[in-house]
Structures are given as C-alpha cells and as structure tokens.
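Here is a short report on one protein chain. Keep the sequence and the 3D view open while reading.

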Amino acid sequence: MSKVPAAENTLRILAYLATQRGPVPAAGIATSLGLPRSTVYHLLTVLAEHGFVLHFPEARRYGLGVAAYELSSGFSRQQPLSRLGRPIVAALVDAIGESGHVAVLHGRDVVYIVEERAPRRPRLVTDVGVRLPAHLTASGRALLASLPAGQLRALYPDAGAFEDRTGAGPHSYAELRRLVTEARERGYATEDGDVTPGFASVAVSVRDHAGWPAAGIAVTFPRENVPASEWEALAARVREAAAELSRRIRGS
C-alpha cells in the first residue's frame, strides 16, 4: 500500500486520462481504476482548480488541462531522453564497434535525438534532428511494432502513406504489418538497405513506465561487416541497452 494514497491516486488519474482519446466521465475513471467515486470526484476537483484537468459540464466528462500540457512541454525542453540515452548508446558503440542512435516516433516519421558514430565508420544519414520515414528504418519498425493495431492502421491508411526512398521497403499496409509482426515476435526490428544501400540496422523499442514505446535504440553497420547469422547476437546487445534506458526513464 502507498504511504501517500492521495498522491498516488492523483497520478493514476492523470496517467489514465493521458491514455484516453478524449474526455471521460468520472464514473468511468472510478471503475477503471478501482477507486471510490467520491475519491475520484474530490481529486478531479482539485486537479481542475490547478489546471491539470478540464471539466466539460454539459458532457459531464473530464480531460487533461493546460497545466498537464505544460508539464509535457517542460519534459521536452529538458531533453531527458537524449540526456539519458547518450551515455548508454556511447557504451554500446564502444562495445560493438558499430554506430548507434536513438530515435523517437513523430507521426509516420522517426526523429533522431542521439547519434554516436563508431571510430573509422562512415557518416550516416541519421544525424541528430534528421527525420526519416518510420516504415523504412529499424528504429521506426521497432516502435511501430509496439503500437496497438488500430493506431498502426490509422498511421498508414492507404498506399499514399508509404514514402519511398531507395525503392526498397514496404509499399502497403499488408507488407508493413508482416514486418512489424516479425519484429514483435523476435523482439527486434531490422532493415537492410532500405535507408542507405549497403547498410543494415537492428533496433529495439524502449518502453516507458506505462509500457508505451518511448524511443528506439538501433545500431547501423556496413552490411559486409556483420553477416545475417550474427544479427541475433547484435540485437541482444541492443536489447540490453534498451532495457537500461527503459529502467532509467522509469526512474527504477
């Protein structure tokens, strides 16, 4: 049992509201979280007074407020994922001798927030701030494999959603679904020449405290340097790095 139940329940309510598609009734919050309705109403009232929750009286529903958004903006300004991820990826690169990076999902793209180039390895297209189509990259596929099926389908409603770069990679939802299903089953995603001919990558999704894909860690290497028979062992090293970043994100 928590030593500060009011604080824990307040955070649970905010976390629950953050996962919903829109405002929800207080009774639904109480039922989903297993809390007394009176407790939920009291906490919602306080949260609304401080701007963390908005009350929609006509609909009798509650949603996240501006103060909650400001917390999210503060999180982004402090760049915690890149600060936490950089030393982890640097250690990974030192251990395997190949370049590594961290990327986050932004719509149908991934945005690279950490890039660590291994010594005597060529410069890659994945510099910090670069955006690439998620369905073509190993990091993107690892992140897409962690999404609910409905959200994946919403991101790729038709063939027009599949940007082409080298002629390789999926060009339809069915092809993408096959790739992300394979990634989900084996625990890591790959790409081979889909971004840059002659280069391949393996990647693993980093999950936050709610199990949501927060980022992807990947290593990229000249295809001739690492035969496909060794990708599984390489992915195991990436998985260890992803688990460590996930642990740090959760603060455990």
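## Overall picture

Of the 252 residues in the protein chain, 44% count as buried. This is a predicted model. The chain holds nine helices and eight strands. Its C-alpha trace spans about 65 × 40 × 30 Å along the principal axes.

Taking contacts between residues at least 6 apart in sequence, 55% join residues at least 24 apart.

An unreviewed UniProt entry carries the annotation "domain: HTH iclR-type" for residues 4-66. In the model, that span is 57% helix and 13% strand. The end C-alpha atoms of residues 4-66 are 25 Å apart.

## The six-stranded sheet

Six strands make an open sheet in the order E5-E4-E3-E8-E7-E6, and the pairing is antiparallel. Strand E5 (131-133) and E6 are the edge strands, each pairing on one side only. From one strand to the next, the twist averages 30 degrees.

What holds such strands together? Strands of a sheet pair through backbone hydrogen bonds. Here, E3 and E4 run antiparallel and are joined by seven bridges. His-101 has Glu-115 in E4 as its bridge partner.

Two helices cover this sheet. H5 packs on the sheet and touches E3, E4 and E8. The direction of H5 makes about 60 degrees with that of E4. H9 also packs on the sheet, touching E6, E7 and E8. The direction of H9 makes about 30 degrees with that of E7.

Strand E6 (residues 189-192) runs antiparallel to strand E7 (residues 199-207), and four bridges join them.

E6 and E7 form a hairpin with six residues between them. Gly-193 sits in the turn and has a positive phi of about 80 degrees.

## Helix H5

Helix H5 covers residues 80-96, which makes 17 residues. At 1.5 Å a residue, H5 should span 24 Å. Its end C-alpha atoms lie 25 Å apart, so the model agrees with that expectation.

Where does H5 bend? The bend is at Arg-86, by about 30 degrees. A proline, Pro-87, follows within four residues. Past the end of H5 comes Gly-97, with a positive phi near 75 degrees.

Which residues of H5 are buried? They are Leu-81, Ser-82, Gly-85, Ile-88, Val-89, Leu-92, Val-93 and Ile-96. Their cover includes strand E3 (99-106), strand E4 (109-116), strand E8 (213-222) and helix H9 (231-250). E3, E4 and E8 are also the strands that H5 touches where it packs on the sheet.

## A look at Ala-174

Ala-174 lies in helix H8 (residues 173-186). Is Ala-174 buried, partly exposed or exposed? Its relative accessibility is 46%. Buried means under 20% and exposed means over 50%, so Ala-174 counts as partly exposed.

Ala-174 and Arg-153 are 21 residues apart in sequence. In space, their C-alpha atoms are 10.0 Å apart.

Methods:
Residues are numbered from 1 along each chain as its sequence is written. This is a predicted model: local features need pLDDT of at least 70, side-chain atom pairs count only at pLDDT 80 or more; totals for chains, interfaces and linings use all residues. Side-chain values use heavy atoms; hydrogens and water are left out. Two strands pair if DSSP finds at least two bridges between them. The expected span of a helix is 1.5 Å times one less than its number of residues. The bend at a residue is the angle between axes fitted to the seven residues ending there and the seven starting there. Buried means under 20% relative accessible area, exposed over 50%, partly exposed in between (1.4 Å probe, protein chains only). Contact means heavy atoms within 4.5 Å. UniProt positions are given in the numbering used here, feature names are shortened, and annotations may be inferred rather than shown by experiment. Axes are lines fitted to C-alpha atoms, for helices over the stretch in contact, and angles run from 0 to 180 degrees between N-to-C directions.
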